[in-house]
Amino acid sequence: MILLSTSRLTLSPPLHGQAEELLRYYERNRFHLKQWEPQKADDFFTLGAMQRRIDDMTRRMEEQQSLHLLLRDRSTEAIVGECGLTNIVRGPFQACHLGFSIDQAAQGKGLMHEGLTSAIDFVFSTLGLHRIMANYRLENRRSHALLQRLGFEQEGLAASYLMIDGEWRDHVLSSLINPAERPGA
Ligand SMILES: CC(C)(COP(=O)(O)OP(=O)(O)OC[C@H]1O[C@@H](n2cnc3c(N)ncnc32)[C@H](O)[C@@H]1OP(=O)(O)O)[C@@H](O)C(=O)NCCC(=O)NCCS
């Protein structure tokens, strides 16, 4: 069982029995996330669908295709955010995609930066990946600032990249290379 700790957070994979708690997280952040994340399926906001989603995440983690973590406040244990390192590809690529969100009420406190610093360290040091890719809408000032502070470098702009909030949206492509494996490291 993976359990990461920072000064204010714990990070661990979601469990089947935590579906209701995770559902509440998405319900209270429905409008906060709408403009930045792909549209949710009609049944997304139901307990059954959330349990199936967690079961899918667990299976993908067992198959080493992804890593899903819930960010919890260390003192209250409440879910304050989540992140996913998905599409893990091994072989000569050794890369994955990063996605994340924080509770609207927990924004602006440096919590996502703290949580992702720990998750990224795990991905590079323990999983041994070489590259983490994160793509975001041009308008997403907070994602841009966060990824820049984490050391992600912009690599380009992908036109019409993801269907978000009813339209194909352009995205900035960025990535972070394992610092131990950078040329000259
Ligand atoms: C993207 C997102 C996670 C960024 O959250 P965030 O709280 O701004 O990110 P950070 O953890 O880096 O916190 C930085 C903010 O905390 C402040 N802060 C306070 N204490 C801090 C500390 N100890 N350390 C660092 N920053 C601190 C910073 O000044 C900054 O605030 P500001 O932008 O108002 O100046 C959040 O906006 C979100 O969930 N958005 C919706 C989902 C989304 O866009 N997902 C990504 C799709 S690509």
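Modeller: In this predicted model, helix α2 gives the most to the lining of the second largest pocket, with four residues. The space in this pocket comes to about 290 Å³. Its lining is made of 15 residues, and R30, K34, Q39, K40 and F45 are the closest to the pocket centre. By type, the lining residues divide into six nonpolar, three polar and six charged.

Helix α2, residues 30-34, also has a part in covering another helix: it is included in what covers the buried residues of α1. Helix α1 runs over residues 19-28, and its buried residues are A19, L22, L23, Y25 and Y26. Viewed down the axis of α1, these buried residues fall within an arc of 155°, so they line one face of the helix. An α-helix has 3.6 residues a turn, so residues three or four places apart point the same way. Besides α2, the cover over the buried residues of α1 includes helix α3 (47-62) and the strands β3 (67-73), β4 (79-89) and β5 (95-102).

The strand residue is R137, which lies in β6, residues 131-137. R137 counts as buried because its relative accessibility is 8%, and the cut-off for buried is under 20%. Leaving aside residues up to four places away in sequence, R137 touches Q35, W36, I164, R169, D170 and H171.

Definitions and conventions. Residues numbered from 1 in each chain as written. Predicted model: local features only at pLDDT ≥ 70, side-chain atom pairs only at ≥ 80, totals over all residues. Heavy atoms only, no water. Helix = DSSP H or I, 4+ residues; strand = E, 2+ residues; numbered from the N terminus. Buried < 20%, exposed > 50% of the residue type's maximum accessible area, 1.4 Å probe, protein only. Contact = heavy atoms within 4.5 Å. Arc of directions from axis to C-beta. 1 Å grid on protein atoms, 1.4 Å probe; cavity = no way out; pocket = protein on both sides within 12 Å on 5 of 7 lines; lining within 4 Å. Points joined across faces, edges and corners; volume = space filled by probe spheres on them. Nonpolar A, V, L, I, M, F, W, Y, C, P; charged D, E, K, R; others polar.
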